[in-house]
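Subject: Handover of a protein structure and its findings

Dear colleague,

Please find the structure below, together with its sequence.

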Amino acid sequence: METGSRQKNHAYQESEKADRRHIRQTACKFTALAAAAVLAVSGGFASAGMQTQSVMAARHDGAKPYAVTSDMLNIRSGPGMDYRVIGTITRGMRVNVYSMRGEKENRWARIRFQGVTAYVSAAYLSPVRKQAG
């Protein structure tokens with residue numbers, strides 16, 4: 001009887017190890033995808049406790065740089081709350097805004113996200129001013 005108990009305990013431990021391994025692998029994949037999304041959204045800006053740096057060559061067609069002012073900002077597939085969320089960006093990240101539409105209290109900024117047109121609420125963006133020098 002003791003052998004059966006040991007076998008069950010060993011099987012349980014192996015199952016736990018497999019679960020932890022799966023969680024680690026999933027976390028690594030999520031981290032890699034999140035990092036890729038951050039770089040895609042920010043047009044080459046890096047932010048992970050580091051100072052963000054501008055890559056002006058990433059701007060196209062008269063786009064203007066803006067910084068995110070909220071802790072987390074949803075990126076949507078269309079200009080409105082009814083459109084699905086396709087990503088998020090965080091405070092201090094920069095985006096290139098191609099146009100704005102809507103009324104003052106409900107303006108939406110058109111950006112590029114992972115190669116497609118996307119939108120963020122303009123209420124949580126602030127224009128980036130050029131530095132002298």
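A salt bridge is defined here as a side-chain nitrogen of Lys or Arg within 4 Å of a carboxyl oxygen of Asp or Glu. By this rule the count comes to one salt bridge. Before its details, two remarks on the source are needed. This is a predicted model, in which local features need pLDDT of at least 70 and side-chain atom pairs count only at pLDDT 80 or more, while totals for chains, interfaces and linings use all residues. Residues are numbered from 1 along each chain as its sequence is written, and side-chain values use heavy atoms, with hydrogens and water left out.

The salt bridge

The side chains of Arg-91 and Asp-71 form the salt bridge, with 2.9 Å from N to O. This pair links distant parts of the chain, 20 residues apart: Arg-91 is in the loop between β3 (85–90) and β4, and Asp-71 is in the loop between β1 and β2. Helices (H or I, at least four residues) and strands (E, at least two) are DSSP runs, numbered from the N terminus. For accessibility, buried means under 20% relative accessible area, exposed over 50%, and partly exposed in between, with a 1.4 Å probe and protein chains only. Arg-91 has a relative accessible area of 47% and is therefore partly exposed, whereas Asp-71, at 56%, counts as exposed.

Overall build

The protein has one helix and eight strands. Read from the N terminus on, the order of these elements is α-β-β-β-β-β-β-β-β. Of its 133 residues, 23% count as buried. Contact means heavy atoms within 4.5 Å. Among contacts between residues at least 6 apart in sequence, 50% join residues at least 24 apart.

The largest nonpolar core

A nonpolar core is a set of buried Ala, Val, Leu, Ile, Met, Phe, Trp, Tyr and Cys residues joined through side-chain atoms within 4.5 Å. The largest such core has 14 residues, of which Ile-75, Ile-89, Val-95, Val-97, Ile-111, Val-120 and Leu-125 touch the most other members. At least two residues of this core come from each of β1 (64–68), β2, β4 (94–97), β6 (108–113) and β7 (116–121). The largest share, three residues, is supplied by β6. In soluble globular proteins, nonpolar side chains tend to be buried together.

What does Val-120 touch, not counting residues up to four places away in sequence? Its contacts are Leu-73, Asn-74, Ile-75, Ile-89, Arg-107, Trp-108, Ala-109, Ile-111 and Leu-125.

The second largest pocket

On a 1 Å grid over the protein atoms alone, a cavity is a set of points where a 1.4 Å probe fits but cannot get out, and a pocket is an open set with protein on both sides within 12 Å along at least five of seven lines; lining residues have an atom within 4 Å of a point. Grid points are joined across faces, edges and corners, and a volume is the space filled by probe spheres set on the points. The second largest pocket has a volume of about 210 Å³. It is lined by 15 residues, and those closest to its centre are Leu-73, Met-81, Trp-108, Ser-121 and Tyr-124. Strand β2 (residues 72–76) gives the most to this lining, with four residues. The lining divides into seven nonpolar, four polar and four charged residues; here Ala, Val, Leu, Ile, Met, Phe, Trp, Tyr, Cys and Pro count as nonpolar, Asp, Glu, Lys and Arg as charged, and the others, Gly among them, as polar.

Individual residues

Tyr-119 lies in strand β7 and is buried, with a relative accessible area of 9%. The C-alpha atoms of Tyr-119 and Ser-77 are separated by 6.2 Å, although the two are 42 residues apart along the chain.

Ala-63, in the loop between α1 (2–42) and β1, is buried at 2% relative accessibility. Ala-63 and Asn-96 are 33 residues apart in sequence, and 5.4 Å apart from C-alpha to C-alpha. Leaving aside neighbours within four places in sequence, Ala-63 is in contact with Asn-96, Val-97 and Tyr-98.

Gln-114 is placed in the loop between β6 and β7. The phi angle of Gln-114 is near 50°, a positive value in a residue other than glycine.

With kind regards
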